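Okay, thanks for coming, everyone.

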Amino acid sequence: MNLHELLRAVEFFDAVDRPAERVAQRIRRVLDGSVVDDLLRGSWLGHPVHPLLVTVPIGSWISAAVLDALPGQRDASRKLVALGLAAAVPTVITGYADFSTLDVPQRRVGAVHAVSNAIGAICMATSYRARRARHDRTGTVWTLVGLGAVSVGGALGGHLSYAQGGGVYRWQRPSESVDLAAELEDIGAKR
């Protein structure tokens, strides 16, 4: 089984259907039609905000792992782990707002994505605690384990966005989108 098949298999993981549906319904009940809903889901931007926000925790945690390999960077690495944890809060909130509008196969992938990233965040919180206690090697190990979990979550998030089209054309019809091939052809014809 290749990676694409493995990611696609999650679309059929119906064991998460009941809890995922309950979570989605509760979020929709709270947010539905509100200004906060539009803000969290990115109507003001024209596409979801969550994929933009994920870059901060992921970038912070990868940078922390890189700094762990360099001497004298213990404090900087610990601060980057903390920054990633702080940035994870709005990232999770916007992710759940998006989750509440997904169809069933997308919600299955979204649920496993959320669990994988929650495991990653717990590992990062454990890393931060170890680093505060001056157990830097243990903190490094937890950072690497957390990055593994977040990588799985990221692959699932990418599958949700790119293969399943989660959040695509949420605020505009496909006919309103730019036809890049036609635009490039026009530019070429004008030369």
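When I say helix, I mean a DSSP run of H or I, at least four residues, numbered from the N terminus. This is a predicted model, so local features need pLDDT of at least 70 and side-chain atom pairs count only at pLDDT 80 or more, while totals for chains, interfaces and linings use all residues. Residues are numbered from 1 along each chain as its sequence is written, and side-chain values use heavy atoms, with hydrogens and water left out.

Let's start with Asp37, which sits in helix α3, residues 35-41. Asp37 is buried, at 3% relative accessibility (buried is under 20% relative accessible area, exposed over 50%, partly exposed in between, with a 1.4 Å probe and protein chains only). Leaving out residues up to four places away in sequence, Asp37 touches Arg28, Leu31 and Asp32, where contact means heavy atoms within 4.5 Å.

Now, the helix pair. Helix α2 (residues 17-31) and helix α6 (residues 74-99) have axes that come within 8 Å and cross at roughly 100°. Those axes are lines fitted to C-alpha atoms over the stretch in contact, with angles from 0 to 180 degrees between N-to-C directions. On the α2 side, the contact uses Ala20, Val23, Ala24, Ile27, Arg28 and Leu31; α6 brings Tyr96, Ala97 and Phe99.

And what about accessibility for two of those α6 residues? Tyr96 is partly exposed at 34% relative accessible area, and Phe99 is buried at 6%. Tyr96 and Phe99 are three residues apart in α6, so about one helical turn separates them.

Definitions and conventions:
Helix = DSSP H or I, 4+ residues; strand = E, 2+ residues; numbered from the N terminus.
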